[in-house]
Amino acid sequence: MVFGHLGGRLAERWSERKILAIGLGMCSAGAAGLLAAAVLHLPLTAVILSLSAMILARRLYLGMPVESLGMSRPRKSSVVSPG
């Protein structure tokens, strides 16, 4: 609930696309950190930091902006309503 509120505030301050770019960058950095931790046998701290970056990016940066972008555009429904 807190992350949704913060994400909404950030979406008002910056554009949704900018926030999406930041979030995707953080997710990519977290994934690269997990890959490096696996290949280079880094300590558990590196794994925890990488997972934290990915979770924070998902909750804070990608949750609210994706929803607001999805709701801002009218969607063509492919489902035919009965009647």
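Modeller: A residue is called buried under 20% relative accessible area, exposed over 50%, and partly exposed in between, with a 1.4 Å probe and protein chains only as cover. In this chain of 83 residues, buried residues make up 22%. The model is predicted, so local features need a pLDDT of at least 70 and side-chain atom pairs count only at pLDDT 80 or more, while totals for chains, interfaces and linings use all residues. Residues are numbered from 1 along each chain as its sequence is written, and side-chain values use heavy atoms, with hydrogens and water left out.

Colleague: What average pLDDT does the chain have?

Modeller: pLDDT is the predictor's confidence in each residue, from 0 to 100. The chain averages 77, and 65% of the residues score at least 70. Where pLDDT is low, the predicted coordinates should not be read in detail. Among the elements of the chain, the lowest mean, 69, belongs to helix 1 (residues 2-13), and the highest, 87, to helix 2 (residues 16-40).

Colleague: How many helices and how many strands does the chain have?

Modeller: Helices (H or I, at least four residues) and strands (E, at least two) are DSSP runs, numbered from the N terminus. Here there are 3 helices and 0 strands, and the pattern along the sequence is α-α-α.

Colleague: How far does helix 2 reach from its first C-alpha to its last?

Modeller: The expected span of a helix is 1.5 Å times one less than its number of residues. Helix 2 has 25 residues and reaches 36 Å, close to the expected 36 Å.

Colleague: Which residues of helix 2 are buried?

Modeller: They are Ile 19, Leu 20, Gly 23, Gly 30, Gly 33 and Ala 37. Ala 37 counts as buried because its relative accessible area is 7%. Leu 35 also lies in helix 2, yet Leu 35 is exposed, with a relative accessible area of 58%.

Colleague: Which residues does Ala 37 touch, not counting those up to four places away in sequence?

Modeller: Contact means heavy atoms within 4.5 Å. Ala 37 touches Leu 42 and Val 47 on that basis. Its C-alpha lies 8.9 Å from that of Ser 50, which is 13 residues apart from Ala 37 in sequence.

Colleague: Is Ser 50 buried or exposed?

Modeller: Ser 50, found in helix 3, is buried because its relative accessible area is 8%. Leaving aside neighbours within four places in sequence, Ser 50 is in contact with Gly 30, Gly 33 and Leu 34. Ala 57 and Gly 25 are 32 residues apart in sequence, and their C-alpha atoms are 8.5 Å apart in space.

Colleague: What share of the contacts with a separation of 6 or more joins residues 24 or more positions apart?

Modeller: Such residues account for 74% of those contacts in the chain.

Colleague: What is the phi of His 41?

Modeller: Phi of His 41 is near 55°, a positive value in a residue other than glycine. His 41 counts as exposed because its relative accessibility is 71%.
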